[in-house]
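Biologist: I have this chain open next to me and would like to go through it with you. Could we take it piece by piece?

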Amino acid sequence: MGASKFIQEISRKKQSDSMSFLSRTRCWLYRQLPSVHRAPRPTRPDRARRLGYKAKQGFVVYRVRIRRGGRKKPVPKGQVYGKPKSCGVNQLKNQRSLQAVAEERVGRRCKALRVLNSYWIGEDSTYKFFEVILVDPFHKAIRHDPQIQWICKPVAKHREMRGLTSANRKSRGLGKGHGYSKTIGGSRHACWKRNNTLQMHRKR
């Protein structure tokens, strides 16, 4: 068994003595650090490599801390001035995952870098911790690499803001087959608009 496979098998057994101790001490350390900070190297190198990370110039890893829980509606005094169906304040859930929120925060902090992917590294009662893989699109080592140079194109700017990363795509309802017919064409809105727009073609 190679080192990468060994790390992968250990991290799967999260309730073992070694992993529970590791995660507890790591979470304590991450709580003392700023909410968004650069990590010297990936905490889970096996996971990072599966998501596209390479230990070469141009790749950066940032660690981010996100507060757990649902999304309370931001209204003054908890009062929604409207119909009863929209008066809920407390038990609302965000449409996007905390991992997608983490990617967005790092993307706002590091404006010149491109978000490639992210992965979970730990959680406690209050926070979830993620590591985000970023790429420098102006580094020669990236621009000359045929596997990753696609991220240097202008169309790849702020992928995390536009729902194009893996964590973001999971909440968009995209897919193929029977259960995904409502999002054909890119999104629910695009599908609805196409099906409800009357197009009367005539010869001109």
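Modeller: We can go through confidence, the sheet, the helices, the aromatic residues and a few loop positions in turn.

Biologist: Before I read anything into it, what is the average pLDDT of the chain?

Modeller: This is a predicted model, and the chain averages a pLDDT of 94, with 100% of the residues scoring at least 70.

Biologist: Which elements have the lowest and the highest mean pLDDT?

Modeller: Among the elements of the chain, helix α1, residues 3-12, has the lowest mean at 89, whereas strand β4, residues 127-135, has the highest at 98.

Biologist: OK, on to the sheet. What is the order of the strands?

Modeller: The four strands make an open sheet in the order β1-β2-β4-β3, and their pairing is antiparallel. The edges are taken by β1 (36-39) and β3 (114-123), each of which has a single partner strand, so one side of each is left without a neighbour in the sheet. If direction is ignored, neighbouring strands of this sheet are turned by 30° against each other on average.

Biologist: How many bridges are there between β1 and β2?

Modeller: Four bridges hold that antiparallel pair, in which β2 covers residues 59-67, and Val36 stands opposite Val64 in β2.

Biologist: And how many join β2 to β4?

Modeller: Those two strands run antiparallel and are joined by nine bridges; in this pairing, Arg65 has Phe129 in β4 as its bridge partner.

Biologist: Is β4 mostly covered or mostly open?

Modeller: Mostly covered, since eight of the nine residues of β4 are buried.

Biologist: Which strands does helix α2 lie across?

Modeller: Helix α2, residues 17-32, lies across β2, β3 and β4, and it runs at about 75° to β4. Helix α4, residues 98-109, also packs on the sheet, where it touches β1, β2, β3 and β4, and its direction makes about 125° with that of β2.

Biologist: Changing topic to the aromatics, how many pairs do you count?

Modeller: The count comes to three aromatic pairs.

Biologist: What about Tyr127 and Phe129, how are their rings arranged?

Modeller: Tyr127 and Phe129 form a tilted pair, 6.3 Å from centre to centre and with 45° between the planes, and both residues are buried. Together with Tyr30, they form one aromatic cluster.

Biologist: Which residue lies over the face of Tyr127?

Modeller: That is Arg65, at 5.0 Å from the ring centre of Tyr127; as I said, the bridge partner of Arg65 in β4 is Phe129.

Biologist: Now some loops. What is the phi of Lys77?

Modeller: Lys77 has a positive phi of about 60° although it is not a glycine. Most residues other than glycine have a negative phi. Lys77 sits in the loop between β2 and α4, and it is exposed, with a relative accessible area of 79%.

Biologist: And what is the phi of His158?

Modeller: His158, also not a glycine, has a positive phi of about 50°. It is placed in the loop between α5 (140-143) and α6 (166-169), and with a relative accessible area of 30% it is partly exposed.

Biologist: Last one, where is Tyr180?

Modeller: Tyr180 is in the loop between α6 and α7 (188-195), and it counts as partly exposed at 37% relative accessibility.

Biologist: Which residues is Tyr180 in contact with?

Modeller: If its neighbours within four places in sequence are left aside, Tyr180 is in contact with Gly173, Leu174 and Gly175.

Notes: Residues are numbered from 1 along each chain as its sequence is written. This is a predicted model: local features need pLDDT of at least 70, side-chain atom pairs count only at pLDDT 80 or more; totals for chains, interfaces and linings use all residues. Side-chain values use heavy atoms; hydrogens and water are left out. pLDDT is the predictor's confidence in each residue, from 0 to 100. Rings of Phe, Tyr and Trp (its six-membered ring) pair if their centres lie within 6.5 Å; planes under 30 degrees apart count as stacked, over 60 as edge-to-face and the rest as tilted. Buried means under 20% relative accessible area, exposed over 50%, partly exposed in between (1.4 Å probe, protein chains only). A charge sits over a ring if NZ of Lys or CZ of Arg is within 6 Å of the ring centre and within 35 degrees of the ring normal. Two strands pair if DSSP finds at least two bridges between them. Axes are lines fitted to C-alpha atoms, for helices over the stretch in contact, and angles run from 0 to 180 degrees between N-to-C directions. Contact means heavy atoms within 4.5 Å.
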